[in-house]
Amino acid sequence: MKLTVNGEPRELEGAWGGESLLYALRERLGLPGSKNACEQGECGSCSVYLDGTLVCSCLVLAAQAEGREVVTVEGLAPAGGLHPIQQAFVDAGAVQCGFCTPGLVVASHDLLARDPRPSEAEIREALAGNICRCTGYAKIIDAVQLAAERLAP
Ligand code: FES
Ligand code: FES
């Protein structure tokens, strides 16, 4: 199976079409940024873009990604650096264990691309599919607001 991942053509050698895109990204392509927390579409830790749409990669079959374009959290940041949303999460103290963070960063990226100045309610709604067991969410909201301030034109 062939697909594009973070702008590069990649091949899933030996992959079973029924395995999840999350498994393929992590175990076959060496991209561990997308996390496997529930494998049931409940937690958002595996969030990636598939042809520009935010999806839970644990719910997408590897075969469904054939010929399509995937962007993972690794693809958002410049080489060796942090994306401004990642930096905002760090600066706002929104990272504790960090397991939820990649999914939240991708979901926040999707939100801010659609709405550069979201209200708190809009942030909460956009991130409702992303579960964090550590932070209590307040600092995550702060981080998205901080990122919005820094990124807004
Ligand atoms: S691991 Fe995919 S939603 Fe939880
Ligand atoms: S920081 Fe631990 S789950 Fe969110």
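Me: Which residue forms a salt bridge with Glu19?

Reply: Happy to start there: Glu19 pairs with Arg28, their closest N and O atoms being 2.5 Å apart. A salt bridge is a side-chain nitrogen of Lys or Arg within 4 Å of a carboxyl oxygen of Asp or Glu. This is a predicted model, where local features need pLDDT of at least 70, side-chain atom pairs count only at pLDDT 80 or more, and totals for chains, interfaces and linings use all residues. Residues are numbered from 1 along each chain as its sequence is written, and side-chain values use heavy atoms, with hydrogens and water left out.

Me: Is Glu19 buried or exposed?

Reply: Buried means under 20% relative accessible area, exposed over 50%, and partly exposed in between (1.4 Å probe, protein chains only). Glu19, at 8%, is buried, while Arg28, at 32%, is partly exposed.

Me: How many salt bridges are there in the whole structure?

Reply: A search finds five. One of them joins Asp91 to Arg150, with 2.9 Å from N to O. That pair links helix α2 with helix α5, 59 residues apart; helices (H or I, at least four residues) and strands (E, at least two) are DSSP runs, numbered from the N terminus.

Me: What does burial tell me about α3?

Reply: In α3, 11 of the 14 residues are buried, so this helix is largely enclosed by the rest of the structure. Among the buried ones are Leu104, Val105 and Asp110. The buried residues of α3 pack against β3, β4, α2, α4 and α5, where contact means heavy atoms within 4.5 Å.

Note on methods: Chains are lettered from A and ligands numbered from 1 in the order in which they are written.
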